[in-house]
Amino acid sequence: METSQTHGSEGMSRDLSELMKEATKEVHERAENTPFMKNFQKGQVSLQEFKMVTASLYFIYSALEEEIERNKNKPVYAPVYFPAELHRKAALEKDLEYFYGSNWRKDIPCPEATQKYVERLHYVGKSHPELLVAHAYTRYLGDLSGGQVLKKIAQKALQLPSTGEGLAFFTFDGVSNATKFKQLYRSRMNALEMDLATKKRVLEEGKKFFIFSVLSSQVFEALQELVSKGPENGFPVQPKAELRTRSVNKPSEHGPAPGKESERTNRRQTGIIPSTPLVRWILALSFLATTVAVGLFAM
C-alpha cells in the first residue's frame, strides 16, 4: 500500500515537505469540504467570530514564535528561521488594537481549546524542538498561501477598510514573491538533518494538528445542525451583542453612533451563528484548519 511505502525507509528518503503534504492530504480534503469552509468562501462570517479567531491566532503565534526564538540556533530549526518574512505576532497585535482598542490585552479571550494548542507548542519547543518544523510549515506556509484568499473574503464580508486595517495578519511585507519564498522554505526544510525515526515523528505531529482541527470542524457542524432545528433541542439562537471597531460604531455618551455603517455592522453580526462560547471556540479552530488547508493545497 502507498501508505506503508511512505512510512517505510524508501518512502522516508523523500523530501520532508512532500511527505508532509502527502501525510496530511486526506485531512486537508476533509477540512476543505466542511460546511464551515464553504460558508466562509461565500462570505458568511461575522465580525464577532472574526475577532475571536484573531485573538486565538495571537495566542497561538505568540507561543509558536516564543519557542522558535528559543530554538532558532539549533540545527533542527535554524535553516527555516525566517522571522522578518514570516512571524505574525506583531501583525496580530496591530489587528487586535484595531478591533479592541488600546486595552486589547485585557479584553481578548483565550478559549480552552486554543490554550491546549498553546500548551502543545510550548511542550514541543521545550522538549522536542525537532517537531517545531511541523507546526511552522503548516501554519506559516498555509497562511502565506491560503490566507490571501481568506483575506479578500473577510475584507469584503466585514466591509473592512481597503487600506488593510484589521487584516495585517494576512499581509507578509517581508515576502516579495510568495512562490519563490515557498520554494526556498521547502528546500531549507528538506535539508534538515533527520533520521527516519525523526521524520516519522514530524509527520505525525503535522497530522495531529490537522486531525484535531478537522474534528473541531465536525463538532461545529453538529452544533450548527442542532441549532437549525430550533430551541426545542436546547440550543436557542441568541441575538449577537453589538460590537465596535475603531472605524465603525464609534462610541459616544449615548451608545453607538447611528448611520449606515452601524446598520451594516449590525446586520453582519446577526443571523449567522449563535453567540455561545463553545461554538465560537470551535469556530476559531475551524478557521485555523481552513486557512492551512487552502494554503497547502495551493502550494
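This is a predicted model: local features need pLDDT of at least 70, side-chain atom pairs count only at pLDDT 80 or more; totals for chains, interfaces and linings use all residues.

Trainee: How many salt bridges does a search of the whole structure find, and with which residue does Glu 205 form one?

Mentor: The search finds nine salt bridges. Glu 205 forms its salt bridge with Arg 120, and the closest N and O atoms there are 2.6 Å apart. Here too the pair links distant parts of the chain, since Glu 205 belongs to helix α13 (residues 196-228) and Arg 120 to helix α10 (residues 112-127), 85 residues apart. Glu 205 is buried, with a relative accessible area of 3%, while Arg 120 is partly exposed at 28%. Salt bridges can also share partners, and in this way Glu 66, Glu 67 and Arg 70 are joined into one network.

Trainee: How should I read a pair of aromatic rings?

Mentor: A pair of aromatic rings is described by the distance of the centres and the angle of the planes. The count for this structure comes to ten aromatic pairs. In one of them, the rings of Phe 82 and Phe 181 have centres 5.1 Å apart and planes at 75°, so the pair is edge-to-face, the term used for angles over 60 degrees. Phe 82 lies in the loop between α6 (47-71) and α7 (83-86) and Phe 181 in helix α12 (residues 178-190), so that the pair links distant parts of the chain, 99 residues apart. Both Phe 82 and Phe 181 are buried.

Trainee: Which residues form one aromatic cluster with Phe 169 and Phe 170?

Mentor: Tyr 61 and Tyr 140 form one aromatic cluster with Phe 169 and Phe 170. Phe 169 is buried, and so is Phe 170.

Trainee: Over which ring does the charged end of Lys 51 sit, and over the face of which residue does Arg 88 lie?

Mentor: The charged end of Lys 51 sits over the ring of Tyr 100, 4.5 Å from its centre, and Arg 88 lies over the face of Phe 172, at 3.8 Å from the ring centre.

Trainee: Let us return to helix α8: which of its residues are buried, and why are they said to be on the same side?

Mentor: The buried residues of α8 are Ala 91, Leu 92, Asp 95, Leu 96, Tyr 98 and Phe 99. They cover an arc of only 160° around the axis, and therefore they lie on the same side of α8. These buried residues pack against α6 and α9, whereas Ala 90 and Lys 94, on the other side of α8, are exposed.

Trainee: What is the span of α8, and which residue follows α8?

Mentor: α8 has twelve residues and reaches 16 Å from its first C-alpha to its last, close to the 16 Å expected at 1.5 Å a residue. The helix α8 is followed by Gly 101, whose phi is positive, near 95°.

Note on methods
Residues are numbered from 1 along each chain as its sequence is written. Side-chain values use heavy atoms; hydrogens and water are left out. A salt bridge is a side-chain nitrogen of Lys or Arg within 4 Å of a carboxyl oxygen of Asp or Glu. Helices (H or I, at least four residues) and strands (E, at least two) are DSSP runs, numbered from the N terminus. Buried means under 20% relative accessible area, exposed over 50%, partly exposed in between (1.4 Å probe, protein chains only). Rings of Phe, Tyr and Trp (its six-membered ring) pair if their centres lie within 6.5 Å; planes under 30 degrees apart count as stacked, over 60 as edge-to-face and the rest as tilted. A charge sits over a ring if NZ of Lys or CZ of Arg is within 6 Å of the ring centre and within 35 degrees of the ring normal. The expected span of a helix is 1.5 Å times one less than its number of residues. The arc is that of the directions from the helix axis to the C-beta atoms. Contact means heavy atoms within 4.5 Å.
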